[in-house]
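I opened my notebook to record what I looked up in this structure.

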Amino acid sequence: MFLNETRHAINVEDASCDAQRPCSTCVRSHSYAVAHAPAGVELPPHPECTFDEVSESPPVETTETPKSRFERLESRINELESLLREKDRALNTFASDQSQPQMQHHPFASSSNAHTPNLVHSNGFNFDGIPGFANGNGNGIPTNGISNMYPNYTSSKPQNGTNGMDYTQFPNASGLDNLAGVASLLGNAPLSEAHIDSVSAGLNQDTSMSGGFQSNGSNLDIVFASWPVNLPSREVTRHLVEAYFAFHLHAVRLFHGPSFLASLDLHPTDPRFPWSAILHAMCAIGSLYVASIPPTPAPPPEYPAHEVFGARLRTLQRRPDSFAEQQAKFAKEQAEIALDLGHHKFQCVQVTVMLTWFYWCHGRWSEAFLSAAQGLRVAVPCGLNVCPPFHTIAETLRPPAIIPPAKTVMEDETLTCSIAYAMERQMGTGNGWALSLDDQDICQLLPLRGDQFEQGILVYPSERQWSHDRDLLTTHKDEQIDSFILYVKATIILSRVKSFNLRFKGKHYVGDASVVSPNNSPASADQQEIFDIKDAPAFQELDKMINAFRTSFPAHLKSPIIGQSVDPYLYTASLIPHLGLILLNEPHARPGEATCVHADRILRAARAIVDLMYNIASTSYDVSLLGLHSIMCWFMSGRVLIRFLKAAMQANSDAQIPQLQAEIVFIRSMLMKAAERITLAQRYQRMLDEYLFNSTGQTFADSLPISRFSTECTISLEEDSTSTMVPDTSRATDVFMQYRAPPIPARPTRR
């Protein structure tokens, strides 16, 4: 028939074909079209009849039925499951048949010669009993296969891969059910082959993703597609996290250990799975305690030991970041992004505390100082520094805390700033800068006992002590005292001593009676030599408080060392009162004067610290596990003894010089022992050498392998050729608590 849109104007239902060419129907249609054609439209001169030409109808579009689509998907899923089962069998065979030396090529594989002594620490973790540290090797990656280490892992469990699909809304379903649910959400749109093939491609391709486990065979690679980016493989991460909980001092107080380790078995997309920034920080710290990961290189000998800014070291070394440094950077970057977005607010405090310890451990003082301040300041809007009913009485637009209240006892116990406070206060003793948060702005309950925290036992506030109690340092409730609580109380002593030293001149200037001696306070700065601060009420109060705290320890907490067992928290709490006496009295001590009371006090305190060092040296305990503040106390003790050695040498006191020399050498040896793992100890040891050399000269320094290079040389920085790091020993020791007698300004004339 003649194909034209105008044909619809003619009623052709009754028309019949006369078998002519052209047929009568086409002739009539052509005539009608010519008669009614619009102007300018050209039509063929003769009708074109196509009646007897068979036209091929277009193919009918068929829509694949859900049943056939699901059958096709099911076959592909069965194919993928078979592939995964083959890989599981290959991995199990590889893990059981291959010998340990064959795995040592992996960067995170343990050395068969590495051995860590079996230590049971005060945090209750036995390193040999932790899964993943098998065969008595404290540093080994498990060799019993993935399926044995992770019994909850099944190969057919769907993963969130690169296809962008999220199966979490279809819980407790098989892989086919999950895909069927996705297909139902997509409606009639069929799943493309690319989506299905991408899953298979992810299992076959060789990849360098951080979540992959590389084996000897190129076809034995498993990739956890949903594993957090930049983390090491699942096995290595678990290994480092367990090392963190087994050896790190603050691990079991920052986190509830059993709950956290159990959460590692969850799928990475589970909301209860640990935040990746926390895992990065744990990997950075945990790598210090395993032999399978190369440590961060120590600073070169020409690097000044007292240098505050760690970026200058990076300029000198020109090396790539170590594994620990990389993980610390990833943790810091994620924490900063989370703070900007208001996510993971409390977890950011935990990450910041861990990073503060990491920076301080490596002698990166500027980063540690800023990180400690940030952790304590972030804790304030989170409401971690106060506890009801001690919130402000003023009406504010924002709530006292921007995080929701705790739901369990264990969660409530971690929602405190005890570790952040202790870290910031201990960092503060190493400089003359103001603290980040005043003690009067902290109204919080003291921590629970360790066993109560682990078991989640509820203890009412009426049975606990508050941080602002007047008798906090001298009274200890029998049912609410342990080594960690004493550790926090000792840190409060450091805070009060530093506040006194920092604010003394300002208070004396305005005539504050607490810092004015009733006997011999000078009327002007010219008379400061006759001023004796020991008669000032505030000084006497601090001195009595420190001595009372030392003698108030309960009977079962008198000694931090029992046999070969050492309680690191109690050991540090035993050192801090002696350090407090040194900080309080040293600015006014004159070691060359036999009648100086302050000199006698700091000498007794320094030798008390040495006695505690002798006690721990008699055990097989690894001193690098004590924590960082113990190392600072050792350094302060050695520096005080060097002052007395200098005075003894000037007085030609043959009776005192040998004993002082022996004590200094012993302190130096202990710092060197801790420096095998802790870079901070090496920095303190070098600073002690510098101070010894500048105080005693060649006489005593020549008998020791003292590094004097950093005190004699000038190091140029290529980034700024005009700038140099000229050593200044007096400035260095001022930074580390070398206080001089504070000049007292004249009080204003009152009218």
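**Entry 1, ground rules.** I noted that this is a predicted model, in which local features need pLDDT of at least 70, side-chain atom pairs count only at pLDDT 80 or more, and totals for chains, interfaces and linings use all residues. I also noted that residues are numbered from 1 along each chain as its sequence is written, and that side-chain values use heavy atoms, with hydrogens and water left out.

I looked up the secondary structure and found 26 helices and 6 strands in the protein chain (DSSP runs numbered from the N terminus, helices being H or I with at least four residues and strands E with at least two). Of the 751 residues, 50% are buried (under 20% relative accessible area, with exposed over 50% and partly exposed in between, for a 1.4 Å probe and protein chains only).

I followed H22 over residues 657–674, where its 18 residues reach 26 Å from first C-alpha to last, close to the 26 Å expected at 1.5 Å a residue (the expected span is 1.5 Å times one less than the number of residues). Its buried residues include Ile-657, Leu-660, Glu-663 and Arg-668.

I read a volume of about 1100 Å³ for the largest pocket (on a 1 Å grid over the protein atoms alone, a pocket is an open set of points where a 1.4 Å probe fits, with protein on both sides within 12 Å along at least five of seven lines, and lining residues have an atom within 4 Å of a point; the volume is the space filled by probe spheres set on the points, which are joined across faces, edges and corners). Its lining has 40 residues, and those closest to the centre are Asp-439, Gln-440, Ile-492, Ser-495 and Arg-496. Helices H15, H17 and H18 each give two or more residues to this lining, and H17 has the largest share, with 10 residues.

I found a volume of about 940 Å³ here, and a lining of 29 residues, with Phe-346, Gln-347, Gln-350, Glu-411 and Thr-414 nearest the centre. The largest share of this lining, 4 residues, comes from H12.

Is Ser-418 buried or exposed? I found Ser-418 in helix H15, and it counts as buried because its relative accessible area is 13%. Leaving aside neighbours within four places in sequence, Ser-418 is in contact (heavy atoms within 4.5 Å) with Pro-447, Phe-484 and Val-488.
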